[in-house]
Amino acid sequence: MSKKLVSLILAMVLLLGMCSAALADYYSNLIPVTKTESSNFTGKTVILHSNDVHGAISGYACMPALRDSILALGASDVLLVDAGDFTQGDIYVSVNKGKAAIDMMNAAGYDVVTLGNHEFDFGFDQLMENLADAKFQTICCNVYLDKTGETILPPSTIIETSTGLKLGFVGVETPQTATKVNPGLITDISFATFAKMYDAVQNTVDDIRGECDLVIGLTHLGVNAEAAINGYRSVDLLNSVEGIDFAIDAHSHTVMSSAKYGLPVQSTGTKFAYVGVIVIDNATKVIEDHFLLSTATLAKDETVAAAAQEIIDAVDAEYNTPFATTETFLDGARENNRTRETNLGDLVADAMLWKVLKEGGLENTEPDHVVTITNGGGIRANIDVGDVSMESINSVLPFGNTVTVIYATGAEILEALEASTFSTPEQIGGFPQTSGIEWTVDCTKPFDKGDLYIQNGKDTSYYAPASIQRVTITAINGEPFDPSATYAVVTNDFIAAGGDTYNVFNRAYEAGTGFDSGIPMDQAVVEYVSEALNGKITAEQYGQPRGSLTIILPEETEEEAVQPAA
């Protein structure tokens, strides 16, 4: 790293009021690309970016404070942008269907954003209602209205800075949204898939390239294995589309600079762990540098911080009263619930099963033929040892999904489990958290990719298994598994509608088998903990995953094999 760049970092540290003791932490969390030749921001335009905020609204106060600091260091212009997934996540934005996120981004002074898949969680109509209040531009080039074929939002925008620099922004949404969101909430729109996605982006870039000095992609695509199977990663896009100078990425919650892939892409992780910085020289119109700053020691704008605290206090006052306790940590980590059985996944699945059996409706089904399957991607937060409140449960289950029952054959359950573990041990949102099923996933065997699943007459991002290669069901509620038998599957309305990889369950549900109980999942968990567990989650019952699932890994990762709990 050059001495001049070190001087720049030190100047920012002093300006932001960081003490010398915090410098080591600050410096260690900086991921640089050392192209900068200046010791200040004079003659520079800077883009500050965020992604996958997921309701961490306190972090918004870092953005205007950092903007003002960089302006004070000589920058001519500082733009604030976001790459999506801001209206869903923590209870502070989920209880108001994402509106609080819009308010906070208005307060912070964002300039342009694109959509993430979670912007659609409350339905397309709610999204558009939320965006009607936005003071920033929202762009997206590859989502269309079915009736007109037009994009739901402008595909791009050009921002001209005070020095005449023209920056074009192109918004790209992951096509996985079609099944990452309850399909029943987005029936009037379509997502460009496969080569059509590349064409949509290329056409948008071509439309503005001649009018811009630089084109920046706001790509809610990510770089995970689940996206890789269809070429939907941001790095795939950059290798397939010409004319994008830099991509600000999102979706996979990756902390990433271009060094990893050798491509001009950057992503800040999630929940404001970092803020991304892109430095552009006004004279040469070239991106000179880009890096990530840890927010741990960044200053915060007092006005924006106060606005966030007002929202937090109001929600806490309503939802933060304890109704139970837990003597064990309940694992809600994304990387665990999407790759293996967890104790929190067990608790949620057990609660759903208990609630349906309590309410009735399964009188014609033998108890040993009732199971639960819910998607690990729907579990969004940990629960720490101590008090448990409605806020705790809503943070775990923020989507407002309802408990639903479908009737499926054993063969259909096998298909669902096989399809929903196709990338295991890599993360997949549809990863099954279950109750009543003893099963194995053998990752030494390949997924036998069959036909592309079609949902509501539209391509999805997932494939049916041509054969069952990886999954074995050894027992259902302690009894032998029968592929030809019919089982009642307690699940959620998202899965019943064909969300994630569960197209087979939607086929069963659409055939008229099953029902939506209308019971919110978070309510089912609250009642289960309060009544069935007498308000106490014990280590004896939920201290470890129950061991319903065994995952067999290849030999090179055998030491990481996930085995049933003892």
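In the predicted model, D90 and K271 form a salt bridge, with the closest N and O atoms 2.7 Å apart; a salt bridge is taken here as a side-chain nitrogen of Lys or Arg within 4 Å of a carboxyl oxygen of Asp or Glu. Because D90 lies in the loop between β2 (77-82) and α4 (91-94) and K271 in the loop between β12 (265-268) and β13 (274-281), the pair ties together parts that are 181 residues apart in sequence. Helices (H or I, at least four residues) and strands (E, at least two) are DSSP runs, numbered from the N terminus. D90 is partly exposed at 22% relative accessibility, and K271 is likewise partly exposed at 34%, where buried means under 20% relative accessible area, exposed over 50%, and partly exposed in between (1.4 Å probe, protein chains only).

The structure holds 20 salt bridges, among them one between E327 and K536, for which the closest N and O atoms are 3.6 Å apart. E327 is located in the loop between β15 (322-326) and α12 (334-337) and K536 in strand β26 (residues 536-537), so this pair ties together parts that are 209 residues apart in sequence. The relative accessibility of E327 is 39%, which counts as partly exposed, and K536 is also partly exposed, at 41%.

A further salt bridge joins the side chains of R546 and D346 (3.7 Å, N to O). This pair links distant parts of the chain, with R546 in the loop between α19 (539-542) and β27 (549-552) and D346 in helix α13 (residues 343-359), 200 residues apart. R546 is partly exposed at 34% relative accessibility, whereas D346 is buried, with a relative accessible area of 2%.

R209 is placed in helix α8 (residues 195-209) and is partly exposed, with a relative accessible area of 25%. When residues up to four places away in sequence are not counted, R209 touches L214, V215, G243 and D245, contact meaning heavy atoms within 4.5 Å. The side chain of R209 also reaches the backbone oxygen of D213 at 3.2 Å.

Residues are numbered from 1 along each chain as its sequence is written, and side-chain values use heavy atoms, with hydrogens and water left out. As the model is predicted, local features need pLDDT of at least 70 and side-chain atom pairs count only at pLDDT 80 or more, while totals for chains, interfaces and linings use all residues.

How values were computed. Polar contact = N/O pair within 3.5 Å; in protein donor to acceptor, adjacent residues only side chain to side chain.
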